[in-house]
Amino acid sequence: MKLLTEGKSKALSACSLAAAALCAAMTVKAARDLWMLLQVLSAPAFYLSLRHATLPMEMPPLAAFIVGHARLFFAFLLSFWLSGLVLAAGVWARREWARRGAVWLLYLAAAAALLLLVQPWLAIPKPLMYGGISLAPEFNDAVRIAAFFARFAAAVCGALALWWALLLDRGALKREFS
């Protein structure tokens with residue numbers, strides 16, 4: 001069995017195999033992280049140690065959601081990477097169901113990147129300001145740099161996800177699937 005079959009797009013085969021390898025590694029990591037989280041949360045001492053803990057003020061909404069729903073978030077990560085693995089293997093095998101699923105997953109990734117591009121403060125804390133005065137200049141500089149890099153990464157990753165989605169959805173690659 002050849003990994004890059006004749007008569008099929010070698011770039012699509014190579015990218016789907018690379019995506020499958022990445023998703024397999026991330027699936028193993030997400031499963032380990034979920035297992036560790038469940039072990040930690042099952043210990044009564046964990047809740048006793050958090051009895052007097054406080055959350056930071058004005059936490060980013062995504063971080064607040066993760067803190068409030070840790071099990072759900074880690075289970076979502078596991079299912080996301082596992083579905084990515086299955087879809088990448090299906091795209092490599094040129095299955096129509098995998099193409100449709102991959103297109104939806106890529107459109108979803110592009111939409112999430114667009115949301116992060118427009119509103120980086122969903123994942124990154126806002127600068128600490130009071131009446132136009134910077135309360136923590138070094139922290140605010142670091143936050144602005146993090147927001148810039150988050151926007152840059154969102155723009156690049158979102159553009160790549162949208163490009164691959166359009167190639168699979170409307171391009172000549174669509175004819176390779178059965």
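**View 1. The second largest pocket has a volume of about 180 Å³.** The model is predicted: local features need pLDDT of at least 70, side-chain atom pairs count only at pLDDT 80 or more, and totals for chains, interfaces and linings use all residues. Residues are numbered from 1 along each chain as its sequence is written, and side-chain values use heavy atoms, without hydrogens and water. Ten residues line the second largest pocket, and Leu 41, Phe 46, Tyr 47, Val 67 and Ala 70 are the closest to its centre. Helix H2 (44-49), H3 and H4 each supply at least two residues of this lining. Helices are DSSP runs (H or I, at least four residues), numbered from the N terminus. By class, the lining has seven nonpolar, two polar and one charged residues. Ala, Val, Leu, Ile, Met, Phe, Trp, Tyr, Cys and Pro count as nonpolar, Asp, Glu, Lys and Arg as charged, and the others, Gly among them, as polar. On a 1 Å grid over the protein atoms alone, a pocket is an open set of points where a 1.4 Å probe fits, with protein on both sides within 12 Å along at least five of seven lines; lining residues have an atom within 4 Å of a point. A volume is the space filled by probe spheres set on the points.

**View 2. The axes of H3 and H4 come within 5 Å and cross at roughly 100°.** H3 is therefore roughly perpendicular to H4 (65 to 115 degrees; oblique angles are those left after under 35, roughly parallel, and over 145, roughly antiparallel, are also set aside). Phe 65, Ile 66, Val 67 and Gly 68 of H3 meet Ala 70, Leu 72 and Phe 73 of H4, with contact meaning heavy atoms within 4.5 Å. Six of the contact residues are nonpolar, one is polar and none is charged. Axes are lines fitted to C-alpha atoms, for helices over the stretch in contact, and angles run from 0 to 180 degrees between N-to-C directions.

**View 3. Helix H4 (residues 70-92) and helix H5 (residues 96-118) cross at roughly 135°, their axes coming within 8 Å.** The two helices are therefore oblique to each other. From H4, the contact takes Phe 80, Gly 84, Val 86, Leu 87, Gly 90 and Val 91; from H5, Trp 97, Ala 98, Arg 99, Gly 101, Ala 102 and Leu 105. Eight of these residues are nonpolar, three polar and one charged.

**View 4. The largest pocket holds about 1500 Å³ of space.** Its lining counts 39 residues, with Phe 80, Trp 81, Leu 105, Ala 109 and Ala 161 nearest the centre. The lining has 36 nonpolar, three polar and no charged residues.
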